[in-house]
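Subject: Handing over the structure

Dear colleague,

The sequence and the structure come directly below.

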Amino acid sequence: MNDTTELPRPHAEKLEEFTGKVLGDIGGAFAVLLSYIGDQTSVYRTLRDHGPATSDELAEAAGVDERYLREWLSAQAAGGYVTYHPAEERFSLTPEQATVLAQEGHPACLQGLFQQVVAQFTTHEEAVDVLRTGAGRPWSQHHGCCFTGTDRFFRPGYVANLVSSWLPALDGVVEKLERGARVADVGCGHGSSTVLLAQAFPASVVHGYDFHGPSIEAALEKASDGGVADNTRFETAEVKRITERDYDLVCMFDALHDLGDPVGAATHIRDCLAPDGTFLLVEPLAGDRLADNTHLLGQIYYSASTLICTPASRAQDVGLALGAQAGEKRLSEVLHQAGFTRVRRAAETETNMVLEARP
């Protein structure tokens, strides 16, 4: 059925320009799905290690069907995700393509973000229902790719920044950790940040908390694999149900905005701190106004917030729906309402801000 709504006549050049942008986004949407498939079938890694290859050679090396692979490679070449050499009918990855698509753990590798996006398409019917009804959507109701993708996306940034720059930016915290401190990693997910802290400061004990049981199971395995089972502890618990006290450092990475009651959670965290303890809050980088965030990074964060973060908050008590682009001013208000008297931005990266809060 055609929409009979009458619109003002569009400007021909502007219509062509906007249509071209949207078609580019559609091509990108297909590229994200195909790139996820290339990751899960190890085709990217095989092509990276093999070097220039025909579709026959790559199919044999990767153990996939050649005809489907030929079509996949054609789409990837058309989109600029792989490089095609017409004279030899071979495909390859440039160092840049290989880094973004196949170099697990590199800060520029985006496979974790691809996986998050695919998870949302997988459960699109729930997303439509949430927007229509205003209902909440618990974190636990997302596809498993969302949990794994979140860990894969954020971990490289933690590896690159947590020990080398974020912690040194806090007043006196590194010295405490080196001597041996009590640390809580709240909303630890799969435990990547917990393990990094425990590895860097073996004299300290790091407690990882998350309300998602399967994530805690994954964190326990990661801690064992990382050789820090002796100085890590994990517990499935909501923030306000944490019973331990006198933590020298409490960390929360990219999670406060997901909570239904961030003020109540931050208040409880303050109560869990030692008198001279520190709350390290890492949140997505954002300006204080929508007008400050109308760029590509803002689009990505607002999109994830629409599908994941805001519905997760709505599914919990209070349901404040802070959103993933709250900005420093709003976050500082939350922390001050929670009873923290000293709040400052201690560091930032291209994607995150780091706030230090003290009682």
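This is a predicted model: local features need pLDDT of at least 70, side-chain atom pairs count only at pLDDT 80 or more; totals for chains, interfaces and linings use all residues.

I would begin with strand S9, which covers residues 352-358 and is mostly covered, since seven of its seven residues are buried. If you follow the side chains along S9, you will find that Asn352, Val354, Glu356 and Arg358 point one way, while Met353, Leu355 and Ala357 point the other way, and that all of these are buried. On one strand pairing of S9 you will meet S7 (residues 273-284), which is joined to S9 by six bridges and runs antiparallel to it; within this pair, Glu283 stands opposite Met353. Strand S8 (residues 342-348) is also joined to S9 by six bridges, and these two strands run antiparallel as well, with Arg342 standing opposite Arg358 of S9. With three residues between them, S8 and S9 form a hairpin.

Another pairing is found between strand S4 (residues 205-210) and strand S5 (residues 232-236), which run parallel and are joined by five bridges. To find your place in this pair, you could look for Tyr209, whose bridge partner in S5 is Glu235. Helix H11 (residues 213-225) belongs to this part of the structure too, and together S4, H11 and S5 make a right-handed β-α-β unit.

Next come the cysteines. How many disulfides does the count come to? The count comes to zero, where a disulfide would need a pair of cysteine sulfur atoms within 2.5 Å. Cys251 is in no disulfide, because the nearest cysteine sulfur, which belongs to Cys188, is 11 Å away and the cut-off is 2.5 Å. Cys272 is likewise in no disulfide, and the nearest cysteine sulfur to it, that of Cys251, is 13 Å away.

Ser42 has a positive phi of about 65°, although it is not a glycine, and you will find Ser42 in the loop between helix H1 (12-40) and helix H2 (43-50). Asp254, which is not a glycine either, has a positive phi of about 50°, and Asp254 lies in the loop between strand S6 (247-253) and helix H12 (262-272). Are these residues buried or exposed, or something in between? Ser42 is partly exposed, with a relative accessible area of 27%, whereas Asp254 is buried, with a relative accessible area of 8%.

Finally, I looked at the second largest pocket, which has a volume of about 210 Å³. Its lining includes Ala127, Val128 and Leu131, and also Thr306, Leu307 and Arg314. Helix H7 (124-133) and helix H13 (296-314) each supply at least two residues of this lining, and H13 gives the most to it, with five residues. Sorted by class, the lining of this pocket has seven nonpolar, three polar and two charged residues.

With best wishes

Technical notes: Residues are numbered from 1 along each chain as its sequence is written. Side-chain values use heavy atoms; hydrogens and water are left out. Buried means under 20% relative accessible area, exposed over 50%, partly exposed in between (1.4 Å probe, protein chains only). Helices (H or I, at least four residues) and strands (E, at least two) are DSSP runs, numbered from the N terminus. Two strands pair if DSSP finds at least two bridges between them. A crossover is right-handed if, with the strands pointing away from the viewer, the path from the first strand over the helix to the second runs clockwise. On a 1 Å grid over the protein atoms alone, a cavity is a set of points where a 1.4 Å probe fits but cannot get out, and a pocket is an open set with protein on both sides within 12 Å along at least five of seven lines; lining residues have an atom within 4 Å of a point. Grid points are joined across faces, edges and corners, and a volume is the space filled by probe spheres set on the points. Ala, Val, Leu, Ile, Met, Phe, Trp, Tyr, Cys and Pro count as nonpolar, Asp, Glu, Lys and Arg as charged, and the others, Gly among them, as polar.
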